Amino acid sequence: MKPVEINDLPTSVWLDINTGVFEPCVEISRRKVSDLAMMFADQEAVQQLIAQGDPVVYDIRYHPFQTSTSDMALGVSTIYPGKVGDEYHMTKGHFHVRMDQPEIYFCVRGTGFLLMESKEGDFQVAEWRPGTITHIPPQYAHRVVNTGPEPLIWVASYHLAAGHDYEPIIARGFAKIVVEKDGQPVFLPNPRRPNSG
Ligand code: PAN
Ligand code: ZN
């Protein structure tokens with residue numbers, strides 16, 4: 001990542017809500033099925049998709065706002081529609097390293113769910129459509145799932161200092177996975193957690 005520049009003047013960026021492209025944006029990251037391999041329940045489907053070209057699951061565009069006395073960041077993420085086996089495309093999900101750091105997510109296109117889970121095991125779901133804005137309190141891991149036919153795009157606003165902790169999610173996932181059954185999204189217990197029933 002490029003070093004963050006200090007800018008004490010007001011700054012605006014422009015977002016295309018149909019594509020998730022915004023300018024200026026200092027970094028674009030792309031996550032493919034192979035980058036999330038351990039996160040999906042159906043490992044056979046993961047290997048098949050990787051062999052067939054390793055499709056993109058989501059893109060993240062990122063811009064920091066650092067002044068001499070404050071820091072904030074903007075991330076715009078786009079999850080492309082699709083599934084791995086029966087499980088819908090989703091983000092990796094993470095806790096913030098700083099457990100006093102909340103975040104605001106603002107859905108601008110598409111439909112799906114935001115999954116949130118605390119270290120104590122409180123599991124919460126927000127259903128998303130364009131215009132839904134969710135405040136994620138500190139101490140809740142967060143993952144977005146695209147269950148619709150079009151890209152799911154949202155704006156994330158958080159402090160640069162929050163940090164991302166992926167390890168607990170890599171190790172255990174979330175309490176539920178979201179899969180398609182008879183054309184509808186359903187929540188199933190995470191098979192990697194035998195007692196999550
Ligand atoms: C977001 C996320 C972004 C991608 O900007 O980082 O949506 O999700 P993962 O980081 O879980 O791959 C955010 O929550 N920042 O804190
Ligand atoms: Zn976050």
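**A tour of the charges and salt bridges**

Start by colouring the charged side chains: there are 17 positive and 24 negative ones, and the centres of the two sets lie 3 Å apart. Here Lys and Arg count as positive and Asp and Glu as negative, with His and the chain ends left out; each charge is placed at NZ of Lys, CZ of Arg, CG of Asp or CD of Glu. You are looking at a predicted model, in which local features need pLDDT of at least 70 and side-chain atom pairs count only at pLDDT 80 or more. Residues are numbered from 1 along each chain as its sequence is written, and side-chain values use heavy atoms, without hydrogens and water.

Next, look for salt bridges (a side-chain nitrogen of Lys or Arg within 4 Å of a carboxyl oxygen of Asp or Glu). The whole structure holds five.

Select R30 and D59, whose closest N and O atoms are 2.7 Å apart. R30 sits in strand β3 (residues 27-32) and D59 in strand β4 (residues 56-66), so this bridge ties together parts 29 residues apart in sequence. Strands are DSSP runs of E, at least two residues long, numbered from the N terminus.

Move on to E150 and R109, another salt bridge at 2.7 Å, N to O. E150 is in the loop between β13 (140-146) and β14 (152-158), while R109 is in strand β9 (residues 103-109), 41 residues apart.

Finish at R193 and E117, with closest N and O atoms 3.0 Å apart. R193 lies in the segment after β17 (184-189) and E117 in strand β10 (residues 112-118), so parts 76 residues apart in sequence are tied together.

Note on methods
Chains are lettered from A and ligands numbered from 1 in the order in which they are written. Helices (H or I, at least four residues) and strands (E, at least two) are DSSP runs, numbered from the N terminus.
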